Structure formats: C-alpha cells, structure tokens
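Please walk me through this protein structure, step by step and in plain terms.

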Amino acid sequence: MHLYKPSLQGTYKPTLFALSINKNKVLNGQNQLKDEYGNIFFHEYIHYLQDILTSFGLQNICSLARKFSVVNHEILGSALSDFAIPYVSTNKSLQLDEERFELIEGTFMLLDNSRNFEVINIELDPYLLNPELADQSYINVNILYRDNSETDAFYLGAFHFLENMAHILERNFSIEDRVPPFPYKVIEKITKSAFPYGDFSDINFIRIIEMALESHDPANYYFTFYRFCMDHDLAFTKETIELYKNINALNWGREKYDYNNFYYPNATMARKAFDAMFIHDNLKPLKEWGRLLISNGIKIRRSGFSFNDLLVVNGDYDRVKKKTGWLIKRLGTPIMTDNGFGVFLSSPDGKISEDSMIYLLGLEAVLNILNGDTACSIFPYCSNGQGGPIVTNASCKTAPWDRTKITPLCLLAQMWIMWGFVKKNCHV
C-alpha cells in the first residue's frame, strides 16, 4: 500500500482514508489539534481532498473496489477449502490494471531524495516490458545532481503531482522550506526547465497540476500539454493552461469528455464502488458515509472549487483557514491517528456516526492481510482499548484471522466475517 509522506512527520494512505500525524499527544485539552501540528495536518488533508475532488482520486477508489471484489469472489468461489496469503489473483485483467497503475504512479524513490538536481530533459518512451501493454508509454525524466554532476532518471507519475501540489499549498504556512526536492518540487523543476519563459507562479503550478489530476494519467496529460506549447511556441501561462484544457478531450474507454464534465461520471462510478465494498448490512453507515462524501464532492466541484482556493495569496491566511474549515465541515476528515494511536475524526456534515467510520480501519487491516502482512495493522488501536475491552493476544501478530474464534469479536474479526473469508481456512 502506497503512502504519501511529507518527510516523516505525517502519512496519508490514499483511498483508505487514513491520516497519521507522527507525533505524540497531538490534541489539546479541548480535543482539538494543537496549533504546532497544523501544517502537517494541512498537507495530509490536501491528499484527502485529492482523493475526493479529482478524477484521478475517484478512479483509484473504483480500482480498489474492483480489486477487492475480484479477490473476494475468487476466494469464496474456489472449490478449495483454504487460501494462502499473500493472496495472488489469477485474474489477468486485474494484473494488467495493477501493472498499468504502477506506470501511472511513477517512481517513488531515488537513491537519495534529498540531493538537489536539475532536469536535463523529459521524453516519451514506449513501455516494452509487457507486450499486452504495448499501447502504454511513460514519461522518462533525466536529471543531473548539482553536487557532483552525476546523472539519474525517473518515471514521472501521479505521485509527483500529488506531492508537489500539497507542498506548494503547505509551504506558505511554513517558516522554512525543508522538504527534499524529490518528489515535492518535481513538477516545478520540470516546468522551469522545459519552458524557456512564462509565469512560474504558485497559482499556475497549481493550475497545471490540477488539470493533470483531472485525467487518469497525469504525467501523459502534462507531457501532451508541454508538446502542444512547444509546437505552437507558447509560454507557460494561465492562458496556455486554460487553452489546452478547453481544446483537449479526456478519454474514458470510447467516450470523450471535456475537462469540466469529466469529474461527474467518475463520481458516479466511485459512489457505486462504495456501495459494492460496503454491501453488508452492518456496513450500511459506511455506505451512507461514502455516498454523502461523493454527493458533497459533486456540490463542491459544481460550486467552482479549485485547489487554488487553498493557496495563501498576499498573506491572506484567514481566507485559507476559513475555506479549509468549510471543507472539513462538508467532507469531514479521514480517520486520524497519532503516535499513541489515539483516534480522532469528524464525519461529513456531522451526519454519520463517527464510531461507524472506525470500520475503515478494519478494511485496511483486511487488505493488508491479503497482501501478506500477518501482523494486524490495527493492533495498536485494540491494545489501547479504544475498541472496547482489550482482547489482543499472540495471534494478532501471527494469524489475526483466528480472532474470529474469540469473543468479543475485534474489529478485524467482524470485517473478516462480514466479507465471508471466515468460510475458508487461511494460512501463510
């Protein structure tokens, strides 16, 4: 499971709606986040908004639901009485989807992310590793390290757009800019290198990143925009960003959409994905949460929302704080934890029981087990007694699925039963 990280201060788990602040006792006496952790929260909350308010984020929700549905049907539909973890799906289409998504996400790590670099060039290369994905390509970025003139390269992907946007929005609240150049400044560096002139303002960087995240393949969107500008000798400006947005159709299967209409079919599919994942009667509140989240997301997008609404301009911090507060009210927060695994959150419009949202932790735990992690990811939550009586034991770290045999049922055991995995024997 991929994580979005600003240094080591916080993490966000995309499509699982889990935000961690890697500090101790982050709440004050009024059960509110302490001011000194506001920057960390703001950066990670941007990732939460990217999940809900961009077509790329919605598509990831759909992909997660599809993967879980395929795996669930394979395990339960098998004539065998048991299944092994990590579970490897035999579904070829799913395997191709995951390989394709790895291309779209891009390179996560360089040998040393902290080293400053210059971009030498960007180029479109064919993907040759799998003939079944011969129609795919990737954007190769060649770089030169400033300290010793060594060269390196990475694949540009959605990861860099997500992180660069969050960093631009956060850094206006920070006294010092200490983040490493990779991945937090990748789009800025590429743009300044690729375009000989233009308006390289934060507002324009947010604009192009936001446009790219409205497609299913942000890196390819950016590259075609760049080639369009080069072919027509256009500078990097608000006008060229808007021009390309208005003339470029976004493809989804055989259908084509303009930029302003692409979000809504994705939102419809994401709503169906929540319905499919939370079909069990006991998970009805989570289904309602997902539907409310998407409905409010649609309303926010139709109101003309842009991530530039969260950019501090001319020192107007109060405007951004007010807008962030409004978004928190309409969309709530992901499940948030600190180093002590204290859990705190709020639901959209206060309409969903916050206790029911805890089941999202169970979803993550089930997926981690299917991916091969035999240590239950919510062990810290249970061992602190936050789910009720402390019922942890040795099996939580070696065979957590065995917790279905022990009452009272822990959160993971409840989810394991709801999704039917209890009908089969699980082994490593």
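In this predicted model, Arg-115 has a relative accessible area of 18%, and it counts as buried because the cut-off for that class is under 20%. Its salt-bridge partner is Asp-147, with the closest N and O atoms 2.9 Å apart. Arg-115 sits in the loop between helix H3 (92–105) and S4, while Asp-147 sits in the loop between S5 and S6, so the bridge ties together parts that are 32 residues apart in sequence. Side chains of opposite charge can pair when their charged atoms come close.

Strands of a sheet pair through backbone hydrogen bonds, either parallel or antiparallel. Here S4 pairs with strand S5 (residues 137–145) over nine bridges, in the antiparallel sense. Pro-126 has Ser-137 of S5 as its bridge partner.

Asp-231 pairs with Arg-227, and their closest N and O atoms are 3.1 Å apart. Both residues lie in H8, four residues apart, which is about one turn of the helix. Asp-231 counts as exposed at 56% relative accessibility, and Arg-227 as partly exposed at 34%.

Asp-202 and Arg-171 have their closest N and O atoms 2.8 Å apart. Asp-202 belongs to helix H7 (residues 202–213) and Arg-171 to helix H4 (residues 158–171), so this pair ties together parts that are 31 residues apart in sequence. Asp-202 is partly exposed, with a relative accessible area of 22%. The structure holds 17 salt bridges, and Arg-66, Asp-97 and Arg-100 are linked in a network of them.

Next come the helix pairs around H11. How do H10 and H11 pack, and at what angle? Helix H10 (residues 259–277) and H11 have axes 9 Å apart and an angle of about 175°, which means that H10 is roughly antiparallel to H11. Residues in this contact include Tyr-263, Ala-267 and Phe-274 of H10 and Trp-289, Leu-293 and Ile-298 of H11. By class, the contact has 10 nonpolar, three polar and six charged residues.

Helix H1 (residues 38–53) also packs on helix H11 (residues 284–302), at an angle of about 90° with the axes 9 Å apart. H1 is therefore roughly perpendicular to H11. Tyr-48, Ile-52 and Leu-53 of H1 meet Leu-293, Gly-297, Ile-300 and Arg-301 of H11. Five of these contact residues are nonpolar, one is polar and one is charged.

The last stop is helix H17 (residues 411–418), which is mostly covered, with six of its eight residues buried. They are Leu-411, Leu-412, Ala-413, Met-415, Trp-416 and Met-418. These buried residues pack against strand S3 (82–84), helix H14 (359–370), helix H15 (379–383) and strand S11 (425–427). After H17 comes Gly-420, which has a positive phi near 85°.

Definitions and conventions: Residues numbered from 1 in each chain as written. Predicted model: local features only at pLDDT ≥ 70, side-chain atom pairs only at ≥ 80, totals over all residues. Heavy atoms only, no water. Axes fitted to C-alpha atoms, helices over the stretch in contact; angles between N-to-C directions. Helix = DSSP H or I, 4+ residues; strand = E, 2+ residues; numbered from the N terminus. Parallel < 35°, antiparallel > 145°, perpendicular 65-115°, else oblique. Contact = heavy atoms within 4.5 Å. Nonpolar A, V, L, I, M, F, W, Y, C, P; charged D, E, K, R; others polar. Pairing = 2+ DSSP bridges. Buried < 20%, exposed > 50% of the residue type's maximum accessible area, 1.4 Å probe, protein only. Salt bridge = Lys/Arg side-chain N within 4 Å of Asp/Glu carboxyl O.
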